[in-house]
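Student: I've just opened this one and could use a guided tour. Can we go through it in questions and answers?

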Amino acid sequence: MSSNTISQSTSAQEPGGAPSGFEADRSADSVGGAARAYVDRVRGGDLGALPAILGIVALGLLFFALRPETFLTPRNMANLADQAAPIIILAMGLVFILLLGEIDLSAGVVSGVCAAVMAKLLADAGAPWYVSVAAAILTGVVIGLFTGSLVGLVGIPSFVVTLALFLGWQGFTLRLIGEGGTVAVRDPVISAISDKNLPVVLGWILALVVIALYAALQLNRWRTQKAKGLAHQPLAVVLIRIGVIAAVVVLVTAVLSVDRAPAPGVVLAGIPYAIPLVVILLLALTFLLGRTGFGRHVYAVGGNAEAARRAGINVTKIKVTVFVIGSSLAAISGIVAAARLGSVAPGSGGGNTLLYAVGAAVIGGTSLFGGRGRARDAVLGGLVVAIIANGLGLLGTEAYLNFIITGGVLLLAASVDALARRRAAATGH
């Protein structure tokens, strides 16, 4: 088995070893045929993002029915985006780690460490925002190198390494900030991530660019697969997918372009800056996983590390790189969270931050057993987690119910993942 063999075996499929959406089968030359193939694939245990999408729809309808006057308002939708952004970005990094069948229990507190570095440089050293942000991300890179080296080079199980670092990095943040203290984040550029919005016109331009780019990529991929005689979806299915994505993007842009100011005389409209940040990261990470040799190697190592090693893939290098990516995204998540809260405390990134991020990745469709997942899973799962927290907050439920319900959803997602893998193994998918 060679790396070329791995590349060829995945070239006709989406990352994770399975086509996206309807089955990309030569026999599925119509929408009906593609739909039947997709149903067969779901029955075979390959659920993809279906549970997360159904969860978003069901939760949205539930909370809309319970709080119709507040849940779907433009103001709450913007607030929901701000709530979800840090979770989604942290979960994107965890997707890479979970793809290898590894875990990073320290990812949440790493985000707090990096945010603390940024905040201290801003407040105490008077450093400009770009220097502070660069230092925070560099801190994430160094932490990722350290963690990945212990896992990949030394061979310590990731659970043990990151559990120890989960405790150690909390002590580092406490030493940096001081017990009981907080460091305010008042830089206008950093605060704008959460507090400011794109101009409405620019938001619509961005929406049209995203739609055009998505359509171009999908159509080019379909054309290339057809020209090379590879398995491909019917053109009608591709156009339907483009239409659905375009409708969602237009709807979100339209809702957020409405003036949502709580008082007259003040205009508050436009897409929050956190959304373009998430979109840019999503596009970059999707390209990295789906269109590069590195991405194919990540899936190969996650599917079977020994087979990947025999195929000539540097498994150690892949592991170290994946942890660097995870910690770097944790740093960005910490920056976004600090912008939203306006400060950094010794407990930043602790508590339920990691659990929500892992839950987001798994709920979105990333397997805990490695080899299956995409960057988009973090977005879909992050929205599920954020909708639960947001909706329960609007209902005024007590905190313990939030924990119980979110934990139950995560347990359900993990159960679905395990049952789907068992079904897939039984049916040969």
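Student: How many of the 21 residues of H16 are buried?

Tutor: Quick ground rules: this is a predicted model, where local features need pLDDT of at least 70, side-chain atom pairs count only at pLDDT 80 or more, and totals for chains, interfaces and linings use all residues. Residues are numbered from 1 along each chain as its sequence is written, and side-chain values use heavy atoms, with hydrogens and water left out. Helices (H or I, at least four residues) and strands (E, at least two) are DSSP runs numbered from the N terminus, while buried means under 20% relative accessible area, exposed over 50% and partly exposed in between (1.4 Å probe, protein chains only). H16 is largely enclosed by the rest of the structure, because its buried residues number 15 of the 21.

Student: Which residue just after H9 takes a positive phi?

Tutor: Helix H9 covers residues 200–227, and its 28 residues should span 40 Å, which agrees with end C-alpha atoms 40 Å apart. The phi just after H9 is about 75 degrees, and the residue that takes it is glycine 229.

Student: Is alanine 212 buried, exposed or partly exposed?

Tutor: Alanine 212 lies in helix H9. The buried residues of H9 are Gly203, Ala207, Ile211, Ala215, Gln218, Arg221, Trp222 and Gln225. With a relative accessibility of 47%, alanine 212 counts as partly exposed.

Student: Which helix gives the largest share of the lining of the largest cavity?

Tutor: On a 1 Å grid over the protein atoms alone, a cavity is a set of points where a 1.4 Å probe fits but cannot get out, a pocket is an open set with protein on both sides within 12 Å along at least five of seven lines, and lining residues have an atom within 4 Å of a point. Grid points are joined across faces, edges and corners, and a volume is the space filled by probe spheres set on the points; by that rule the largest cavity holds about 40 Å³. Its lining is made up of Gln218, Arg221, Trp222, Gln225, His232, Gln233 and Val238. The largest share, 4 residues, comes from H9.

Student: Which element gives the largest share of the lining of the second largest pocket?

Tutor: That pocket has about 580 Å³ of space. It is lined by 25 residues, with Ile87, Ala337, Arg340, Leu341 and Thr353 nearest its centre. Elements that give two or more residues include helix H4 (74–99), helix H15 (353–364) and helix H16 (375–395). The largest share, 6 residues, comes from H14.

Student: How many residues in the lining of the second largest pocket are charged?

Tutor: Ala, Val, Leu, Ile, Met, Phe, Trp, Tyr, Cys and Pro count as nonpolar, Asp, Glu, Lys and Arg as charged, and the others, Gly among them, as polar. The lining has 12 nonpolar and 11 polar residues, and the charged ones number 2.

Student: How many residues apart in sequence are the parts tied together by lysine 319 and glutamate 102?

Tutor: Lysine 319 and glutamate 102 form a salt bridge (a side-chain nitrogen of Lys or Arg within 4 Å of a carboxyl oxygen of Asp or Glu), with their closest N and O atoms 3.5 Å apart. Lysine 319 is in helix H14 and glutamate 102 is in the loop between H4 and H5, so the parts they tie together are separated in sequence by 217 residues.

Student: Is arginine 310 buried or exposed?

Tutor: Arginine 310 forms a salt bridge with glutamate 306, their closest N and O atoms being 3.2 Å apart. Both lie in helix H13 (residues 305–310), 4 residues apart, about one turn of the helix. Glutamate 306 counts as partly exposed at 36% relative accessibility. Arginine 310, at 68%, counts as exposed.

Methods
The expected span of a helix is 1.5 Å times one less than its number of residues.
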